[in-house]
Number of protein chains: 4
Amino acid sequence: MNYRRLGRSGLKVSELSFGSWVTYANQMDTGAALDCMAAAWDAGVNFFDNAEVYANGKSETIMGEALKKLAWPRVKYVVSTKFFWGIVEGPNTKNTLNRKYLMDAIDGSLARLQLDFVDLVYCHRPDPNTPMEEVVWAMHDMIERGKALYWGTSEWSASEIMAAHNVAEKHHLRRPVVEQPEYNLFHRKRVEVEYQHLYKDVGMGLTTWSPLASGLLTGKYKAGVPEGSRGAMPRMAFLLEKLTDKARNAAVMQLEGVAKDLGCSMAQLAIAWCLKNPHVSTVITGASRVSQVQENMKAADVVAKLDEAAMKRIEAIAGGLAE
Amino acid sequence: MNYRRLGRSGLKVSELSFGSWVTYANQMDTGAALDCMAAAWDAGVNFFDNAEVYANGKSETIMGEALKKLAWPRVKYVVSTKFFWGIVEGPNTKNTLNRKYLMDAIDGSLARLQLDFVDLVYCHRPDPNTPMEEVVWAMHDMIERGKALYWGTSEWSASEIMAAHNVAEKHHLRRPVVEQPEYNLFHRKRVEVEYQHLYKDVGMGLTTWSPLASGLLTGKYKAGVPEGSRGAMPRMAFLLEKLTDKARNAAVMQLEGVAKDLGCSMAQLAIAWCLKNPHVSTVITGASRVSQVQENMKAADVVAKLDEAAMKRIEAIAGGLAE
Amino acid sequence: MNYRRLGRSGLKVSELSFGSWVTYANQMDTGAALDCMAAAWDAGVNFFDNAEVYANGKSETIMGEALKKLAWPRVKYVVSTKFFWGIVEGPNTKNTLNRKYLMDAIDGSLARLQLDFVDLVYCHRPDPNTPMEEVVWAMHDMIERGKALYWGTSEWSASEIMAAHNVAEKHHLRRPVVEQPEYNLFHRKRVEVEYQHLYKDVGMGLTTWSPLASGLLTGKYKAGVPEGSRGAMPRMAFLLEKLTDKARNAAVMQLEGVAKDLGCSMAQLAIAWCLKNPHVSTVITGASRVSQVQENMKAADVVAKLDEAAMKRIEAIAGGLAE
Amino acid sequence: MNYRRLGRSGLKVSELSFGSWVTYANQMDTGAALDCMAAAWDAGVNFFDNAEVYANGKSETIMGEALKKLAWPRVKYVVSTKFFWGIVEGPNTKNTLNRKYLMDAIDGSLARLQLDFVDLVYCHRPDPNTPMEEVVWAMHDMIERGKALYWGTSEWSASEIMAAHNVAEKHHLRRPVVEQPEYNLFHRKRVEVEYQHLYKDVGMGLTTWSPLASGLLTGKYKAGVPEGSRGAMPRMAFLLEKLTDKARNAAVMQLEGVAKDLGCSMAQLAIAWCLKNPHVSTVITGASRVSQVQENMKAADVVAKLDEAAMKRIEAIAGGLAE
């Protein structure tokens, strides 16, 4: 496993990391989570991604239990959480980054994770209804109080990220060091175009999510929505249209030829493709079985096979279909 | 119940809130306070206003007891307190915002409220004998030390509020986000004229008090001062002249016609009128009986009835009598 | 007793205050100290001055014991301490304001005083061997950590005080608010000339010491050094020349005429004269007996008798003899 | 023993100090360490140098045990530690100054040293892979949280040190006050040339290491590498080439004449020579036996004997051989 700097920061994360979105609590209990985390750890993963909203807090509870049992030295692993949607009902706790919510949320997450601090804390989405100064002060305070080491954003626009840097610079507060965007063969513009100047100007790192485009890139949806798949879950209905897009599923079928020629799975191809982007610090992968973790981790070995010719072939197939 | 942002801050408060001035301890014990707070909560109220000086600390003690029994999740409600008059005799504890008093006062209030922090802490009045830098540092420190989330002012001039912002901006300290002024049909100039530029320039929110002009707007003083009313209390003597003003009581009688036509009580009309001002974040209401709370809360429904014609009619009656 | 603002700060101190230099531990035990403090308190004194070096820490220990027994509300009294000379031998603990010494010293003083914080903490002398930035950061940190409320200096030059303000202003640290200089009829130039612009420019307050010029102004040394007096103590030998100065002792004899005409003691005259200066926030008085405390406190009543004519008469006698 | 200011800071260190590199744990147990430290203390040493990496943490453990038994007043001695190499395996804990490592490392060191704080904390080497802002914030935070009093660097370039000052100045963070470079007769350029402007511009102090050039200056390697010497240890192999350099060993033989004429040992000569440089705050000496400590400490007396003539003679012998 290679380790990459999280942007310009001094923190190094394994280029493949392990996230708990979708899977924890919904599909996995603590035992399964522990087994998957142990498998990822054995493969060299040091970054474990989480969020308050994943399974409504249960994903943090499960990861906390697993971490306690795994008993790795705290300094050796990196844990994240993210705040925005809230898990308590009310006007100040849903879709917000106000100070009241954030200060309450971090304590809740740390309790569930059974940790003194998280390494990374993210603003899970931008909040147009809280001033940037209030958000940056709150994130700064989490670091000041020792509850987090670094902070970042997720799915913020380049302009919003720069606004956060401006407030931090002006008032001598901690800057965000990382953004967590969706990034895969069908979702590229934000990472490749919109954020372009941020890598140089503020040294932003990327922890990217959805390398498989919610499973679409594995070919799972070629023949419609399989029973038991994510596309079939009612709470994932918002994904359905994209998962069953004809042009994209056709491209997926062509990509299977590339994967076959490279001797790898579609998942490995899709993950390795993300890693070809040097601005990506780590690709967050998900899995509900140990074998799937091990399979995903082999994607790191595929990167070397993605030479110029292979990349051109992929671009010809999928380049025109990306957002 | 609607929720409004506290000015430009990310905090949302119910447009009607519940205050303990006058009533707690003086007219109510913990049981009555708890019942009224529960009724307000049931109607959607999330902001409960208090101050150190109300009933000389007992108002905080009673609210603390009630909150403990109500056991709402801390993140769901907003509690305030305010400092200026002090409840200990002495040169450093009366009519002051000096650091020594403020640092001592916040600890006393939190102990009485049985809370780790208040959401809002106000400077209850301006103090010309303490430099603005000392005041802003002390308020900032309450936030830094986790004893408050936001701070504001009460009955400060626009110029004093701007001075606080200037100190905060210069030394990178937390800014005030809210002002608590008197606001009602007979007391409008500060909110509508003096503060006008602050809403845009610094995004100040308003938590307004005395929507009923100490009861005058309910018509209670049309025929003189009733026994047992606020106007009859010796410690409220300073209100007497205003409460028995003839022109105003004549206007009140005309407003009763408006209220009748709108199918609402005078209290509801007066409260709803405050809410028509978009700069008002919340109107603080008081009550000593559950039925009164429920009655007040219906004011929110009256706002929609206050169309342009109704507002013009009210303006014609009372507009010329306002300070 | 009148209370004066400590310069531009919001803190108010009794215009006469009570200090423990010379007397505590050397001449007084806890019981005597307690009695004197109680007498001062009864006369309206709210400021009790101390320093680490007074009686090598024992003065703080005695005051701590006395305060514990007196059990006044903490918010009602103001306690100071001062650091520079150190009470532990060594290169980092004597005649210094380095961070290591200061951070250690404040903890020692608070332990001896049995207090969570002092209201005022002074740099007892300037230290040319520690950079101003290090000193101001350390004093700021005492306030940040809640170990002191305000800080000041003692016997610093105007230029050193301004240097401290410059560092504080530049790095957004707490400014000093008070200076403790010697001030009496024979020692005036620093307070009246050197500091002149600081009162307006930075709003500095003054807590002055030695109103009786080490006893000289009481007439005690007119006929040489009495046995048992301060001038006769070996550790006070440095005072001897001044105490026996002929011209000054001659002036003292003339001042006795003024005191007689005003119907007051020499001590009262000398103390009241200090209070005529509006830049003086408080005159620190010392005493080893309750009767002496009570006698000193009556100086406040003498101020009104010091009209223009009396002041001119005093100036004619002593004006030319002052440093 | 003389004490020198640590650059422009207010901290004073004994001009000879005692370090634990190489010796502790590797050659000494707690008892021997305690005896040597006691001997150094008796000779006036107040600074004891350490680092996390020395003997992989065991050097701190041994010093902690010794300090506990010696029970000197905490304010009287100065202890350092240093971070960079880390003692836990992993991408974030080796050769780094990232925030995650530093925040973890200081807690580990304090636990091993059984101290609440170290006086000096050093960045043991520069880290090109962590931004200066992240490093300076972390060092600042150690001081803010009371875990260290001052911070510095070791073997940083002048340009890196200035970069740290720039970040500190811009964001109002604590500046580094000291650099720990190698300095001896054969290793001079950094201290004498590269750092020259830093002494005046930022007031940097120096705690220098390797006064004996790893033993070379004692003459130990004149006839090859003796068994049991540092040059013979496998983990010190990187020193071997320099230790057996012919020209230098020849110079050493000539220097023995100088030492003889001055009536001192070679070690004393080499140490005293370092102290002639006024920018040196303290020379860190090492020893594994009490007699060696006592011998080293006498170097302070040799300084006076190093007059202009002696210095010229030394320069003529060794000046051309220095890096």
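Which residues of α10(B) are buried? They are B:A267, B:Q268, B:L269, B:A270, B:I271, B:A272, B:W273, B:C274 and B:L275. The structure is a predicted model, in which local features need pLDDT of at least 70 and side-chain atom pairs count only at pLDDT 80 or more, whereas totals for chains, interfaces and linings use all residues. Residues are numbered from 1 along each chain as its sequence is written, and chains are lettered from A and ligands numbered from 1 in the order in which they are written.

**Figure 1. Helix α10 of chain B.** Helix α10 of chain B spans residues 266-275 and is mostly covered, with nine of its ten residues buried. A residue is termed buried if 20 or more other C-beta atoms lie within 10 Å of its own, exposed if 12 or fewer do, and partly exposed in between, the C-beta atoms being placed from the backbone. Helices (H or I, at least four residues) and strands (E, at least two) are DSSP runs, numbered from the N terminus.

**Figure 2. The barrel of chain A.** In chain A, eight strands close into a barrel in the order β3-β4-β5-β6-β7-β8-β9-β10, with parallel pairing. From one strand to the next, the twist averages 30 degrees. Angles run from 0 to 180 degrees between N-to-C directions, and axes are lines fitted to C-alpha atoms, for helices over the stretch in contact. Strands β8 (residues 176-179) and β9 (residues 205-208) of chain A run parallel and are joined by two bridges; two strands are taken to pair if DSSP finds at least two bridges between them. Opposite A:V178 stands A:G205 in β9(A). According to an unreviewed UniProt entry, the annotation "domain: NADP-dependent oxidoreductase" covers residues 16-317 of chain A. UniProt positions follow the numbering used here, feature names are shortened, and annotations may be inferred rather than shown by experiment. That span of chain A, residues 16-317, is 44% helix and 13% strand, and its end C-alpha atoms lie 25 Å apart.

Figure 3. The closed barrel of chain C has eight strands in the order β3-β4-β5-β6-β7-β8-β9-β10, paired in parallel. Here the twist averages 30 degrees from one strand to the next. Two bridges pair strand β4 (residues 47-49) of chain C with strand β5 (residues 78-83) of chain C in the parallel sense, and C:F47 has C:V78 as its bridge partner in β5(C). Helix α3 (residues 99-113) of chain C packs on the sheet and touches β5 and β6 (118-123) of chain C. The direction of α3 makes about 140 degrees with that of β5(C). Residues are in contact if their C-beta atoms, placed from the backbone, lie within 7 Å.

**Figure 4. Chains A and B.** The copies use different surfaces, since 5% of the contact residues of chain A recur in chain B. The contact takes 20 residues from chain A and 16 residues from chain B. Helix α3 (residues 99-113) of chain A gives the most to the side of chain A that touches chain B, with five residues.

**Figure 5. Chains C and B.** In this view, 17 residues of chain C are in contact with 20 residues of chain B. On the side of chain C that touches chain B, β1 (3-5) and β7 (148-153) of chain C each supply at least two residues.

**Figure 6. Two residues with positive phi.** Although not a glycine, A:A71 has a positive phi of about 55 degrees. A:A71 is found in the loop between α2 (58-70) and β5 (78-83) of chain A, and counts as exposed because it has 7 C-beta neighbours inside 10 Å. B:S210, likewise not a glycine, has a positive phi of about 65 degrees. B:S210 lies in the loop between β9 (205-208) and α8 (240-243) of chain B and is buried, with 25 other C-beta atoms within 10 Å.

Notes: Contact = placed C-beta atoms within 7 Å.
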